Amino acid sequence: MTIESLSINKVSNGWHKQFSHQSQALNCRMRFAIFLPPQATSIHKVPVLYWLSGLTCTDENFMQKGGAQKLAAELGVAIVAPDTSPRGSKVPDDKLGSYDLGLGAGFYLNATQTPWDSHYKMYDYILTELPALIEENFPVNSKRALSGHSMGGHGALTIALKNPEKYQSVSAFSPICNPMKCPWGQKAFSAYLGDEQRLWEEYDASELIKKSTTHLPTLVSQGTSDEFLENQLKTHTIKEAASINDYPITINMEEGYDHSYYFIASFIEQHLRFHFEHLAI
């Protein structure tokens with residue numbers, strides 16, 4: 001697969017690079033960023049943490065605000081940050097221009113409803129197409145971890161829970177834990193998936209964890225002062241679901257933290273060390 005270089009910056013003795021490529025899954029050009037630690041060479045391949053960002057974000061938010069590169073360089077872990085949805089003039093967007101549907105709001109699922117189904121296949125893109133592209137073009141190995149924030153935390157949890165054999169570990173900051181029961185999720189699922197509740201359950205972490213038979217190392221961090229906690233994120237639902245299935249999950253409620261990248265920057269090192277513990281095996 002052909003990729004086009006867009007930018008390159010040295011950081012923490014590694015390299016932050018930004019590329020675009022034509023996506024078959026999404027039927028448009030996509031952009032992604034990759035941080036390659038100094039250990040990544042043609043004769044030494046490194047593991048990869050895939051980071052999924054939230055509503056309105058792009059590949060740039062986490063790479064510029066997360067503060068992950070210094071420790072990733074020390075640990076020898078690459079970081080890949082894709083965009084949050086398909087883009088382009090031919091890609092459908094919400095007619096009212098809302099931030100929580102359409103461009104920037106792909107929700108990491110495979111849409112089944114028109115007009116979304118011609119482009120909005122973020123689940124396939126993250127699970128299959130992007131890792132194949134990364135492993136073909138960069139000095140990385142097949143060991144993968146998955147993390148994300150908000151809508152991206154929802155994506156990380158659901159993709160990992162459905163495909164535990166593909167990942168060594170998964171974590172999430174402020175994830176949408178029960179999208180079937182919150183306004184963000186209900187709006188997106190209705191548009192992308194229609195009215196079939198069975199399809200909704202396939203993209204709901206609280207539902208998936210109830211029936212999971214493979215236990216993947218899982219870490220969730222949630223700020224207690226997050227303005228979206230009660231109505232949108234519903235962290236208690238995934239805790240309750242894990243308890244029903246005796247699923248081992250670590251949920252850290254961090255006092256006073258909100259939904260912003262200040263929260264992510266404060267605890268990203270904890271998440272990186274958590275993933276490295278399993279990527280290094």
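At 10% relative accessibility, His259 counts as buried, a term that here means under 20% relative accessible area, with exposed meaning over 50% and partly exposed in between, for a 1.4 Å probe and protein chains only. The model is a predicted one, in which local features need pLDDT of at least 70 and side-chain atom pairs count only at pLDDT 80 or more, while totals for chains, interfaces and linings use all residues. Residues are numbered from 1 along each chain as its sequence is written, and side-chain values use heavy atoms, with hydrogens and water left out.

His259 is found in the loop between β9 and α10, where helices (H or I, at least four residues) and strands (E, at least two) are DSSP runs numbered from the N terminus. Its side chain makes a polar contact with the side chain of Ser150 at 2.9 Å, and a further polar contact, of 2.6 Å, joins the side chains of His259 and Asp226. A polar contact is a pair of N or O atoms within 3.5 Å; within protein, one must be able to donate a hydrogen and the other to accept it, and residues adjacent in sequence count only if both atoms are side-chain atoms. When residues up to four places away in sequence are not counted, His259 touches His149, Ser150, Ser174, Asp226, Glu227, Phe228 and Leu233, contact being defined as heavy atoms within 4.5 Å.

Helix α4 is mostly covered, with 11 of its 12 residues buried. At 1.5 Å a residue, its 12 residues should span 16 Å, and its end C-alpha atoms are 17 Å apart, which agrees; the expected span is 1.5 Å times one less than the number of residues. Thr158 lies in α4 (residues 151-162) and, at 1% relative accessibility, counts as buried. A polar atom of the Thr158 side chain lies 3.2 Å from the backbone oxygen of Gly155, and, with residues up to four places away in sequence not counted, Thr158 touches Tyr203, Asp204, Ala205 and Leu208.

A search of the whole structure finds 0 disulfides, a disulfide being a pair of cysteine sulfur atoms within 2.5 Å. For Cys57, the nearest cysteine sulfur is that of Cys182, 17 Å away, and Cys57 is buried, with a relative accessible area of 8%. Cys182 is likewise in no disulfide, the nearest cysteine sulfur being that of Cys177 at 9.4 Å, and Cys182 is buried with a relative accessible area of 0%.
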